[in-house]
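Hello,

Here is the structure I said I would pass on. My notes follow below it.

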Amino acid sequence: MRLLTLPMRDAFAFAFIAVAMSLSPVLIPMASASTADLLTYDDARHLLNRAGFGATESEIQRAVGMTRERAARNLLDNARTSPVSAPPAWTAEAGALRYPRRGENATEAEKKMFQQEQIREGLELRGWWVGEMLSTPSPLTERMTLFWHNHFVSSQQKVKLAELMYRQNATLRANALGSFADLLHAIARDPAMVIYLDSAQNRKGSPNENFAREVMELFTLGEGHYTEQDIKEAARAFTGWSLDRQTGQFVFRRFIHDDGEKTVLGRTGKLDGDQVLDILLGEPATAEFVTRKLWREFVSPDPDETAIRRIAQRFRDSRYDIKVALYAIFTSDAFYASENRGVLVKSPIDLVVGTLRQFDMKPGEATPFAVAAAGMGQNLFAPPNVKGWPGQETWINASTLLARKQFLERLFRGDETSSRMLADANAQGTLTANAGTMGALPRQAIQAQGALDPEKARQIRFMRAMERGVSSVQFESGLWLTQFDASRGTRSRSGAASRLLLATAPQSVPDASSEPLALVRALVLDAAYQLK
Amino acid sequence: MDRRHFLKFAGSVPLAALAPALTAEVAWSATLAGADYRKLLLLIELKGGNDGLNTLVPYANPTYYALRPKIGIPREQVVQLSDSVGLHPSLEPLLPLWKNRELAVLQGVGYPAPNLSHFRSIEIWDTASKSEQYLQDGWLTRAFGAAPTPRSFAADGVIIGSPDLGPLAGGGTRAIALANTEQFLRQARLATTEGQSRNRALAHILKVEADIIQAASHLNANYAFKTEFPQGGFGNAIRTACQIVANEAGVAVVRVTLTGFDTHSGQPGTQTRLLSELAGGVVALKSALEELGKWNDALVLTYAEFGRRPKENLSNGTDHGTASAHFALGGRVAGGLYGEQPSLDRLSGDGNSGFAIDFRSVYATALDRWWGVPSSGLLGGTFTPLPILRA
């Protein structure tokens with residue numbers, strides 16, 4: 001056991017500077033590229049689709065012939081830290097949070113109004129984020145923001161206030177490609193997180209261990225690297241981390257903070273929350289845990305432990321510079337290895353946003369597409385629990401696969417106006433919008449109560465959203481296919497389209513003589529289209 | 001090795017670890033000699049957290065009326081089952097089942113260290129996890145993994161009227177979610193590819209497509225019931241459930257959901273309506289299953305994420321609670337009262353009651369006693385089945 005004599009943050013900052021000075025060339029390519037390292041079409045496609053959402057043919061062509069290093073640098077150097085689209089107007093409203101009067105003092109009408117307002121704002125927020133994903137010139141920023149949303153999970157189901165979910169989203173984005181250490185410190189005092197993991201209930205004498213447990217298990221070390229006693233002690237260090245209910249800002253409440261001596265992972269001192277976070281950041285397990293998760297996001301479901309340790313070491317040595325970890329991943333042989341192509345399942349956001357971007361479709365409004373993704377199992381700002389969306393194969397079951405295929409089929413139906421789905425929807429009942437249950441997608445009120453079961457209501461919501469979204473996009477399949485003519489060489493149009501759209505060979509090769517729309521439809525409905 | 005040991009072994013060792021030939025044999029013996037999936041399990045989820053205290057009313061207990069001066073069910077309205085408890089008046093249609101000893105009332109079903117979040121608590125129920133444990137697979141998914149259903153079945157399970165697969169979530173299981181059969185059959189035409197792949201993710205997608213194709217080719221809505229199903233969402237869900245059960249190809253489990261039980265305010269009207277939908281649906285279910293000659297081969301269980309706070313709130317409602325009353329019904333159910341009514345005099349700091357029956361004992365009953373699938377190794381501990389089934 002070591003006694004802390006230096007204030008922890010200073011000690012760490014000092015160590016990081018020392019390490020950084022000795023290892024400064026980490027970002028500089030070590031060797032000049034051989035031609036083997038120059039990106040082929042498939043390499044460029046792979047990089048851009050994994051690091052962003054559904055790259056277009058021209059985006060891919062621009063990256064062909066770059067070195068891996070140059071292509072990775074391009075992605076990382078140009079990454080934005082703020083959105084290009086304006087967030088909903090209410091996020092800019094100054095002044096106190098619009099909390100309802102607390103608990104039992106609020107009237108039924110007040111509670112209901114508050115609830116409906118939060119649902120409406122939550123929906124706007126989802127639409128805004130999907131819109132940002134669709135229009136950003138920096139898709140890696142949004143992919144990483146989503147990655148951190150699924151790492152530092154908070155859900156509007158519990159947080160309720162859309163405004164706090166927005167602020168958390170902004171924090172995630174600002175730090176998405178910055179320092180993981182800074183992000184961890186910021187998120188620990190993020191108001192939505194303070195609510196989501198009950199920090200506000202954590203007081204001296206009656207600690208709430210929720211945040212202390214999850215920060216170790218899910219945010220930093222991973223299971224098996226700490227004891228129950230570490231959790232208890234850490235929880236005491238975080239006592240007093242709370243929220244000003246008027247402003248929605250983080251406050252430290254000194255009078256309920258336990259300033260006694262604590263021992264966390266063998267370090268003893270009158271530790272406060274920030275010091276505990278620095279202890280966690282000092283552990284190699286933290287860098288490895290996060291690197292492993294990045295590997296699953298970008299490379300394959302099966303982390304290579306040797307590579308993980310190597311990348312994690314650089315990651316930690318750089319004071320957790322996320323760009324350092326991503327650069328190492330995006331230039332690795334494993335990333336480009338043929339056995340790692342087409343092995344990741346597209347998330348619903350990948351499928352929806354990726355498809356719209358890949359086909360250069362510009363919807364009038366993005367909210368219906370957020371609803372469509374929710375219908376496939378990914379409701380932004382509402383992951384299922386603190387562990388987030390488990391992803392990969394769990395995205396696909398009979399229900400979600402049919403929802404995905406319905407979406408794709410509808411998107412590429414062309415100008416047939418008589419929609420079977422909408423007819424189905426209308427035949428099954430009449431819905432009115434904008435009532436529902438907190439945090440979930442607005443569960444539309446059903447006019448004749450009890451007339452519809454929730455699955456039907458969900459499907460109708462899903463179909464309506466699709467109809468609304470799809471009717472606002474234009475797609476000319478014939479025109480779209482002509483873009484391949486300049487570069488396809490001896491390939492057929494269908495071969496070139498298949499090479500763009502599918503990460504792995506199609507299950508059934510489409511008939512090259514198909515009509516343009518039928519060709520596109522066959523490719524997107526192929527099982528291989530669900531992969532990236 | 002006798003059969004029980006053999007199955008226990010199969011349930012605790014990942015099948016992939018065994019030699020392929022042995023794996024096939026285990027699966028074969030589990031389905032044919034062991035698990036009897038011809039017996040239907042029908043789950044009814046009371047989503048939102050049904051109020052157990054106003055479902056099974058302790059009408060002889062003055063503390064009950066003290067806790068619920070406004071929403072307590074007056075003694076004279078209670079459908080009395082014993083000298084201390086009785087049913088909510090909306091459940092009166094269940095009285096013939098009770099008299100016929102086909103209705104078991106399970107009192108105080110819950111679990112230790114209860115979680116009061118809808119989302120987290122239903123996850124605990126669906127995965128049969130401990131309160132602090134996060135599991136990915138549903139408890140039925142694990143059961144079907146250990147003892148697969150016959151390949152000829154239309155599906156392992158059909159989820160009606162809810163998007164989440166609940167106890168059937170997670171890897172490997174053949175679960176189909178649908179709102180009604182005809183609509184499913186129309187959508188299923190989008191599943192076209194069957195095949196295999198060494199790519200794990202692709203193999204999974206192809207398997208799900210094959211599951212959809214298999215279910216679609218075995219299911220139809222053609223059976224003409226004499227039974228009249230109640231109007232409304234739940235009645236329709238029960239009708240769909242019965243249509244599925246009427247198909248020649250089996251399904252081991254069907255789940256239907258009745259939602260709206262999160263009665264923080266205005267509880268009496270809402271619960272009265274919902275429980276009468278429940279009772280009407282169950283009565284139709286029994287009638288339809290009798291038409292099919294399957295009532296004796298059906299076990300119906302209700303469940304929910306939690307019950308509600310014993311003390312009423314100031315909005316004529318109740319807040320999230322813990323243990324609750326649930327029902328088991330069927331031709332082979334040994335009717336009666338089981339467990340015990342939660343003590344209202346010893347509530348926890350947040351005003352909630354303890355539990356008498358661990359929900360995993362209810363699951364163990366379905367696994368061990370109904371299907372003959374050993375539950376040890378599937379429920380994260382040993383849970384004693386309840387004596388609610390006749391031989």
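**Helix pair in chain A**

Helix H15 (residues 305-317) and helix H16 (residues 322-330) of chain A pack at an angle of about 150°, their axes 8 Å apart. Axes are lines fitted to C-alpha atoms, for helices over the stretch in contact, and angles run from 0 to 180 degrees between N-to-C directions. H15(A) and H16(A) are therefore roughly antiparallel (the word applies to angles over 145 degrees). On the H15(A) side, the contact is made by A:Ile311, A:Arg314 and A:Phe315. H16(A) brings A:Val324, A:Ala325, A:Ala328 and A:Ile329. Contact is counted when C-beta atoms, placed from the backbone, lie within 7 Å. By class, these residues are 6 nonpolar, no polar and 1 charged. Ala, Val, Leu, Ile, Met, Phe, Trp, Tyr, Cys and Pro count as nonpolar, Asp, Glu, Lys and Arg as charged, and the others, Gly among them, as polar.

Please note that this is a predicted model: local features need pLDDT of at least 70, side-chain atom pairs count only at pLDDT 80 or more, and totals for chains, interfaces and linings use all residues. Residues are numbered from 1 along each chain as its sequence is written, with chains lettered from A and ligands numbered from 1 in the order in which they are written.

**Chain A overall**

Chain A has 25 helices and 5 strands (DSSP runs: H or I of at least four residues, E of at least two, numbered from the N terminus). Of its 532 residues, 49% are buried (20 or more other C-beta atoms within 10 Å of their own, C-beta atoms being placed from the backbone). Helix H6 (residues 139-149) of chain A is largely enclosed by the rest of the structure, because 10 of its 11 residues are buried. Its cover includes helices H2 (41-51), H5 (108-135) and H18 (348-358) of chain A.

**A strand in chain B**

Strand S9 (residues 298-303) of chain B is mostly covered, with 6 of its 6 residues buried. B:Ala298, B:Val300 and B:Thr302 point one way; B:Leu299, B:Leu301 and B:Tyr303 point the other. S9(B) runs parallel to strand S1 (residues 40-47) of chain B, joined by 6 bridges. Pairing requires at least two bridges found by DSSP. B:Ile44 stands opposite B:Thr302. With strand S10 (residues 324-329) of chain B, S9(B) pairs in the antiparallel sense over 2 bridges. There, B:Val300 stands opposite B:Leu329.

**Between the chains**

43 residues of chain B are in contact with 42 of chain A. H8(B) gives the most to chain B's side, 9 residues. That side has 18 nonpolar, 19 polar and 6 charged residues.

Best wishes

Technical notes:
Contact = placed C-beta atoms within 7 Å. Buried ≥ 20, exposed ≤ 12 C-beta atoms within 10 Å, placed from the backbone. Parallel < 35°, antiparallel > 145°, perpendicular 65-115°, else oblique.
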